[in-house]
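Morning, everyone. Let me put the structure up, and then I'll walk through it.

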Amino acid sequence: MQNINLCQRVETIPPGEKTRQWVLNDSTNSNFHNIVHLGESPLYLHFSWRRSARDPIQFVGIFKLDLPGLLQYGYVRLENDEPNNSNIRLRIKHKIDGIFYIQVNDNNPSLLMNAISPNNDQGPLEMKNQVENPKINKNEIDQLIISKQIFLHGIEHSKKSGQINRMIAIHNIHNSIEILLRGILYTSDKKFSDYKFDELIGEANVVYQNKVGKEFPLMKKIKSLNSQRNMVQHDADDPSIKVVEKYSIYTRTFLEEVYQNYYDLDFDNVSLIEFIQNQEIKSLLHLAQKNFFKDINKSMILLSRAFYLGINSVSQIFKTNYSNQYLPSALSWIDLLTTQGEVNNMIKYKENDLLARAYQQPYGRQKNEVRNSIINMMSGLEYYIGTQISIVGSGIDLFEYNKFKELTDKWSTIFSSNKNGKFVSIYWPKKPMEVITIEQTEELLFYVVNTLFGIESKGIELTIHDDYLEFFRILTEWDTSKINIHEVDA
């Protein structure tokens with residue numbers, strides 16, 4: 001019998017209550033799971049869903065979860081068997097029937113997540129997320145992000161004094177609309193490379209109407225903006241502050257409605273970060289962006305860790321077993337020092353008892369030490385070469401990769417653990433502004449997000465090993481009881 005008290009759908013989250021916000025991605029095995037604490041009960045889960053990283057996010061509902069009850073009935077499991085452990089792993093599965101369930105794994109009992117409010121007498125509400133939506137490709141995403149960034153760049157200039165800033169503001173907010181219109185036409189079979197603005201917005205409006213069922217908002221206002229832009233561009237006209245403010249408002253309204261109606265995207269939330277599929281890495285990127293103007297050191301730590309966690313997912317892809325294939329023949333020129341058979345045996349069995357006894361003599365020990373030194377050196381070289389091949393093979397620009405490493409070498413994290421748990425040691429500069437600027441951190445964020453999105457676009461799944469999930473929690477929650485910070489000279 002379904003126990004609705006374990007998982008109730010509610011309309012709002014009461015102030016001060018524990019909450020989590022999850023987005024399940026069907027392209028990652030149609031499930032989402034993470035660690036939560038029993039002490040968070042009742043936990044309010046703001047839950048959404050998407051088919052893939054390139055599909056829009058679909059809101060499913062807000063659910064009030066009784067965590068101890070879910071554990072009692074076997075719908076969740078304890079994270080480990082340690083005494084007094086209060087961490088559980090909560091997993092949500094999107095099954096072939098199109099419904100979401102709470103379930104430890106496919107062999108355990110499953111709890112249907114209620115699609116109705118506990119006070120609603122109607123039957124289960126049909127999930128809106130079952131409607132098929134057209135996929136947005138990377139080119140469209142790029143156009144949307146560029147359009148938004150150019151608009152925001154124009155708004156920044158509109159806040160500054162002077163004729164040049166007002167002229168740039170008008171030019172940029174107009175350009176943001178033109179980029180959006182061309183993005184819409186890219187998906188059609190219309191040729192528009194030589195179109196003037198009136199022709200461009202007219203043809204794009206036809207495509208927009210066919211999909212949305214109504215024409216562009218504020219058409220007359222946007223065409224008037226085009227006339228104002230022409231005066232700025234061709235006659236060096238100085239737009240007044242009121243004119244700039246007026247067209248900024250019109251443009252934002254236009255962009256917001258088109259993003260929502262045509263692409264089913266929230267203008268304020270449009271960022272390539274949203275299209276990163278791995279939720280843990282996405283969280284680190286969001287936190288890095290959030291801390292740009294608050295704490296550059298913290299932002300850089302989160303940004304670099306997100307990058308290296310992602311890169312680690314590709315570092316093994318193109319590696320082969322160099323040791324077994326190449327190392328024996330590479331050492332054959334020093335047969336007096338070690339034989340190919342010995343090297344093969346060393347690689348396969350490490351130091352077995354027979355070899356250990358053979359090397360108890362002085363000459364044998366010396367021979368063994370030299371041989372081990374060579375093998376360690378070759379193994380290190382093998383790892384380095386394999387990593388570089390993996391990076392290049394996955395499409396990452398090695399020059400930009402090394403540039404990123406150089407810019408971020410003052411920020412590092414070391415993970416360690418002992419009987420008391422896991423800890424993170426952080427090293428960052430005492431005066432970060434002397435090492436890196438806000439503009440550089442924004443450029444690095446752009447590089448990291450584009451790189452990781454590019455990796456996922458090739459079908460390479462970004463994963464975080466289970467051993468690192470606790471370290472991830474420490475960083476995202478900035479658990480100061482588990483973080484040791486060391487300041488270094490710039």
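I'll take a sheet, then a helix pair, then a single residue.

Ground rules. This is a predicted model: local features need pLDDT of at least 70, side-chain atom pairs count only at pLDDT 80 or more, and totals for chains, interfaces and linings use all residues. Numbering starts from 1 along each chain as its sequence is written, and side-chain values use heavy atoms, with hydrogens and water left out. Helices (H or I, at least four residues) and strands (E, at least two) are DSSP runs, numbered from the N terminus.

The sheet. It is open, with four strands ordered β1-β5-β4-β2 and mixed pairing. Strands pair if DSSP finds at least two bridges between them. β1 (7-10) and β2 (19-25) each have a single partner strand, so one side of each has no neighbour in the sheet. β2 and β4 (residues 43-50) run parallel, joined by seven bridges. N25 has its bridge partner, R50, in β4.

Now the helices. The axes of α5 (residues 219-235) and α6 come within 10 Å and cross at roughly 135°. Axes are lines fitted to C-alpha atoms, for helices over the stretch in contact; angles run from 0 to 180 degrees between N-to-C directions. On α5, the contact (heavy atoms within 4.5 Å) uses K221, I222, S224, L225 and Q228. α6 brings V243, Y247, Y250, T251 and F254.

Last, V244, in α6 (residues 241-263). Buried or exposed? V244 is buried, at 3% relative accessible area. Buried means under 20%, exposed over 50%, partly exposed in between (1.4 Å probe, protein chains only). Leaving aside residues up to four places away in sequence, V244 touches S158, R166, A169, I170 and P239.
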